[in-house]
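Subject: Structure handover and notes

Dear colleague,

I am passing on the structure below, followed by an account of what was found in it. Please read the notes with the coordinates open beside you.

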Amino acid sequence: MTKPKVSQSSRRSWHSRLLLMLAMGLAMVMGFQAPAMAATSGCGSVCDGKDPDTYFATVDGQVMRCSFIDVITPYSVANVELRYSPFCRTAWARQTDSFGWLSGVLVQSYNSNGTLRRTVDDTSTSGSWSAMVNDKGMTARACFYQYDSEADYDAGNRRILRCTARY
């Protein structure tokens, strides 16, 4: 019995379909979601205070790190960026450069009426970015701060030098 001959173009087409199916399967397993399909709910206050680089949020049946795939930088000023995840509907601050260990970043979350809801700094994460704040129906801004001395650091007396606009 002889094997049927398969054309080169048929073989390539089959390989292309196989690779596409494998890529789609991997994306589903890892929880990737296209930005156009961003969450309608976000993870809410559950994400408050969580590290965007290590926390896996479950939103609308999908699981993903908030700092992965769809993150945008709506605003930046010297030393700090405001980062936002449409998937998680959260915001955080990321430090872009520093003046040494006596500087850092924080994110401030504001209620829809403009009152300050919460401030989260970079001490609970890597030191290069802050923890997240819920941003669904709210606004947030990122700020860069500095301690003027080690005594101020020990006392928790930081001076906010500059902040992004609210997003």
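The largest pocket holds about 150 Å³ of space, where a pocket is an open set of points on a 1 Å grid over the protein atoms alone at which a 1.4 Å probe fits, with protein on both sides within 12 Å along at least five of seven lines; the volume is the space filled by probe spheres set on points joined across faces, edges and corners. By class, the lining has 4 nonpolar, 7 polar and 1 charged residues, with Gly counted as polar and Trp and Tyr as nonpolar.

This is a predicted model, in which local features need pLDDT of at least 70 and side-chain atom pairs count only at pLDDT 80 or more, while totals for chains, interfaces and linings use all residues. Residues are numbered from 1 along each chain as its sequence is written, and side-chain values use heavy atoms, with hydrogens and water left out.

Cys-43 and Cys-47 are joined with an S to S distance of 1.8 Å, and their link is left-handed, at -120 degrees about the S-S bond. In the disulfide of Cys-66 and Cys-88 the sulfur atoms lie 2.0 Å apart, and this link is left-handed because the torsion about its S-S bond is about -85 degrees. The pair links distant parts of the chain, 22 residues apart, with Cys-66 in the loop between β2 and β3 and Cys-88 in the loop between β4 and β5.

Cys-143 and Cys-163 are joined at 2.1 Å, S to S, and the torsion of about 110 degrees makes this disulfide right-handed. Cys-143 lies in strand β9 and Cys-163 in strand β10, strands being DSSP runs of E with at least two residues, numbered from the N terminus. Cys-143 is buried at 0% relative accessible area, whereas Cys-163 is partly exposed at 23% (buried means under 20%, exposed over 50%, partly exposed in between, with a 1.4 Å probe and protein chains only).

Finally, 4 strands form an open antiparallel sheet in the order β3-β4-β5-β8, where strands pair if DSSP finds at least two bridges between them.

Best regards

Technical notes:
On a 1 Å grid over the protein atoms alone, a cavity is a set of points where a 1.4 Å probe fits but cannot get out, and a pocket is an open set with protein on both sides within 12 Å along at least five of seven lines; lining residues have an atom within 4 Å of a point. A disulfide is a pair of cysteine sulfur atoms within 2.5 Å.
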